[in-house]
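Welcome! Take a moment to look over the sequence and the 3D view, and then let us walk through some of the parts together.

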Amino acid sequence: MATNPVNIFDLDRVKLESFFINFGEKPFRARQVLNWIHQRFVTDYSQMTDLSKSLREKLAEYTVTALPKIEHQYDSADGTRKWLLRLSCGNCIETVFIPEESRGTLCVSSQVGCILNCSFCATGKQGFNRNLRTSEIIGQLWLANESLKQSKTGFQAITNVVMMGMGEPLANFNNVVTAMNLMLDDFSYGLSWRRVTLSTAGMVPGIDRLRVACPVSLAVSLHASDDKLRDILVPINKQYPLQELLAACHRYVIGNNKRVITFEYVMLAGVNDSPRHAQQLVKLLKDLPAKVNLIPFNPFTNSLYQRSSMDVINAFREVLLKKGIITVTRKTRGDDIAAACGQLAGQVQDRIHRFS
């Protein structure tokens, strides 16, 4: 095998076509290989029967098909499934599958830990080790599909992917975009842009880059309707305050009247859940095609906050609904296995300083 073999899972179609051209092969070979790996879930080159024997031997010599390893699987009473995946460096990340009647959603991580330090999030408390490679991002989708197919409870397809797991996706821009290209590619997973969602805490330059490079559905972790409070809850707001963030959101939807931006808002008792906060939020989202997801806070060890009561959440939602803003309360799923929103932790080694 070559000294530094290429991990085939790190390559989207454009990169794989370039790889084959450099090998003196036709670029359409990339489509064949993507189909075998991401649609048929075959990683043994000897089984790729529409490739010549010599090409299969070259692939075996110069590439590898390396993926994270499933360390443990956790199954919730509500059907949610969480995998703890071990990386080659020894760190572990978490990936969550949420089955529903009409769809199956996979929550994918983009970093080992998180570079940000949102005060209500268990992942942020884990610190940060490194960005995930493309193979480690798309590998979560590949492994989840394989695991679900082998499940005794019957296979449910993954129809939606949300980049809402561990980490800030826009802080790992190139690897995340390459992975999402594979998710969208008809020769790989063939998902619609409407079914792939990237969630950001508000990295404004990344939002603008994403609009050009890979305009999937966008979700923004908002959680506050004024800068003073958001500086505490989401510290990156000090660098990109609400006015700049909302301007980037406006730019993101220009030219596509079908785009709606989802704003995620965790409900923290006595912190951001009053009618006044709801009214501020209405003004903030004025003139934006917006949907608001209210997220009941999911507690974790040593967390600083409490969950708002359902009466308070319902009253908050009514303020937004009366002003014509589509608003839903996210159903808490997988909290018995620490798989709910904000609870993913993994196992992070050699942590470095985060944004604060």
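A residue is called buried when its relative accessible area is under 20%, exposed when that area is over 50%, and partly exposed in between, using a 1.4 Å probe and protein chains only. Thr-80 is buried, with a relative accessible area of 1%. This is a predicted model, in which local features need pLDDT of at least 70 and side-chain atom pairs count only at pLDDT 80 or more, while totals for chains, interfaces and linings use all residues. Residues are numbered from 1 along each chain as its sequence is written, and side-chain values use heavy atoms, with hydrogens and water left out.

Helices (H or I, at least four residues) and strands (E, at least two) are DSSP runs, numbered from the N terminus.

| Residue | Loop between | Relative accessible area |
|---|---|---|
| Thr-80 | strand E3 (69-75) and strand E4 (81-86) | 1% |
| Cys-118 | strand E7 (111-113) and helix H4 (122-125) | 12% |
| Cys-214 | H7 and E11 | 3% |
| Asn-237 | helix H8 (227-233) and H9 | 1% |

What does the side chain of Thr-80 make a polar contact with? The partner is the side chain of Asp-78, at 2.8 Å. A polar contact here is a pair of N or O atoms within 3.5 Å; within protein, one must be able to donate a hydrogen and the other to accept it, and residues adjacent in sequence count only if both atoms are side-chain atoms. The side chain of Asn-237 reaches the backbone nitrogen of Leu-242 at 3.5 Å.

Contact in the wider sense means heavy atoms within 4.5 Å. Not counting residues up to four places away in sequence, Asn-237 touches Asp-227, Arg-230, Asp-231 and Leu-242.

In soluble globular proteins, nonpolar side chains tend to be buried together. A nonpolar core is a set of buried Ala, Val, Leu, Ile, Met, Phe, Trp, Tyr and Cys residues joined through side-chain atoms within 4.5 Å. The largest nonpolar core of this model has 101 residues, and Phe-120, Met-180, Met-183, Leu-210 and Phe-263 touch the most other members. Among the residues that Met-183 touches, not counting those up to four places away in sequence, are Ile-138, Leu-141, Val-161 and Met-163.

Leu-210 leads us to helix H7 (residues 204-213), where Val-204, Gly-206, Ile-207 and Leu-210 are buried. They are on the same side of H7, because they cover an arc of only 155 degrees around the axis; the arc is that of the directions from the helix axis to the C-beta atoms. What do the buried residues of H7 pack against? Their neighbours are helix H6 (173-184), strand E10 (196-200), strand E11 (217-221) and helix H9 (242-253).

Strand E12 (residues 261-267) is largely enclosed by the rest of the structure, because 7 of its 7 residues are buried. One side carries Ile-261, Phe-263, Tyr-265 and Met-267, while Thr-262, Glu-264 and Val-266 are on the other.

Two strands pair if DSSP finds at least two bridges between them. E11 and E12 run parallel and are joined by 3 bridges, with Val-220 opposite Phe-263 in E12. E12 is also parallel to strand E13 (residues 290-296), through 7 bridges. Here Met-267 stands opposite Pro-296, and Glu-264 stands opposite Asn-293.

E13 is mostly covered, with 6 of its 7 residues buried. A parallel pairing over 4 bridges links E13 to strand E14 (residues 326-329), where Val-292 stands opposite Thr-327 in E14.
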